[in-house]
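Please read the following report alongside the sequence and the coordinates.

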Amino acid sequence: MNSIEQHMQTALHICNLALAKLGEAPLEAIDLNGPPAARLCYMHYHPTRREVLVTNRWSFALAEAIITSAEEPSPASSDLPRHLPHTLPLDCLRVLEVSSPGWMLRGRAVFCPQQTIRLRYISDVEDPTLFDPLFTDAFCTLLACKLCIPLTASTTARQMLMEEYNRIVLPKAAHFNAVQSYSNDTHPLRRLLHAGARHRNHL
C-alpha cells in the first residue's frame, strides 16, 4: 500500500482543493482506474509534493542525521586528504548543511574529508497531517497548475495559477515559515539588525 492509499482522506482533500481552483468537481477517490481527474491526481500528487518541499526550508520537513563513511580517511602523513563518500538518507530531498568544510554533493552522496558528519536536510515528508497549512495551500496551487492543461486546456488559467503560486502563495508560506522557525534571539537577521543599530549609534 503506497502513501496515497495510507492517507487517502487527507491526500484526497489536497487533490480536491486543487480541483476546486480549476472549477472541477471533487473526487471520491484517487484511483488510477478512475476518471481522468482521479488518474491525473494519482500521477502528479507525489512529484508535486516533492517539488514544493525542495523550494524552502520548511520547519516540519527539517531532519538531521549522523553519517559515517564506510571508507577510511587519509593517513595523518598524507598531504592530500581524501574526500570520502557519505550516502544520503533515503528520505533526503535536499541537503542544507554539512558539518565539514569543502564538502561536495555527487549524486546521492556527500564527499568530504571527515569520516563522520552531521547532515541537516529536507526530508521527504509523506504524511499530509504533518503539513503546514500554508505549505498545503502552496502544494494544492502548484498541483492545480499541473492538472490545468489536461483537464481544462486553458493556458490562460495555468498562467494565472503559476503567477499566484510564484508571486503570492509560495512567498507567503515561506515568509511565515521563516518567522516561526526561530526564536527572537536566534533568528539569522538578529545579528545584522543589531550591527546596524550599533553603527547608527556611533554616527
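The sections below begin with the basis of the model and then take up its elements.

## Basis of the description

This is a predicted model, in which local features need pLDDT of at least 70 and side-chain atom pairs count only at pLDDT 80 or more, while totals for chains, interfaces and linings use all residues. Residues are numbered from 1 along each chain as its sequence is written, and side-chain values use heavy atoms, with hydrogens and water left out. Helices (H or I, at least four residues) and strands (E, at least two) are DSSP runs, numbered from the N terminus.

## Helix H3

Helix H3 covers residues 36-53, and its 18 residues reach 26 Å from the first C-alpha to the last, close to the 26 Å expected at 1.5 Å a residue; the expected span is 1.5 Å times one less than the number of residues. A bend of about 40° is found at His44, with a proline, Pro47, following within four residues, where the bend is the angle between axes fitted to the seven residues ending at a residue and the seven starting there.

The buried residues of H3 include Leu40, Cys41, Tyr45, His46, Arg49 and Leu53. Here buried means under 20% relative accessible area, exposed over 50%, and partly exposed in between, with a 1.4 Å probe and protein chains only.

Helix H4, residues 133-152, has 20 residues and spans 27 Å between its first and last C-alpha, close to the 28 Å expected at 1.5 Å a residue. H4 bends by about 35° at Lys146, and Pro150 is the proline that follows within four residues. At the start of H4, a side-chain oxygen of Asp132 comes to within 2.8 Å of the backbone nitrogen of Leu134. Among the buried residues of H4 are Phe135, Phe139, Leu142, Leu143 and Leu147.

Just after H4, Ala153 takes a positive phi of about 60°, although Ala153 is not a glycine. Ala153 lies in the loop between H4 and helix H5 (155-180), and with a relative accessible area of 60% Ala153 is exposed.

## Cysteines of H4

Counting as a disulfide any pair of cysteine sulfur atoms within 2.5 Å, the model has zero disulfides. The sulfur of Cys145 is too far for a bond, because the closest cysteine sulfur, in Cys148, is 7.3 Å away. Cys145 counts as buried at 1% relative accessibility, and Cys148 is likewise buried, with a relative accessible area of 0%.

## Strand pairing

Two strands are taken to pair if DSSP finds at least two bridges between them. An open sheet of three strands has the order S1-S6-S3, with antiparallel pairing. Strands S1 (62-68) and S3 (92-98) stand at its edges, each with a single partner strand, so one side of each is left without a neighbour in the sheet. Five bridges join S3 to the antiparallel strand S6, residues 116-123, and Arg94 stands opposite Ile122 in S6.

Elsewhere, strand S2 (residues 84-87) pairs in the antiparallel sense with strand S5 (residues 109-112) over four bridges, and Pro85 stands opposite Phe111 in S5. S5 also pairs with strand S4 (residues 104-106), in the antiparallel sense and over three bridges, with Arg106 opposite Ala109. The hairpin of S4 and S5 has two residues between the strands, and in this hairpin Gly107 takes a positive phi near 65°.

Notes: A polar contact is a pair of N or O atoms within 3.5 Å; within protein, one must be able to donate a hydrogen and the other to accept it, and residues adjacent in sequence count only if both atoms are side-chain atoms.
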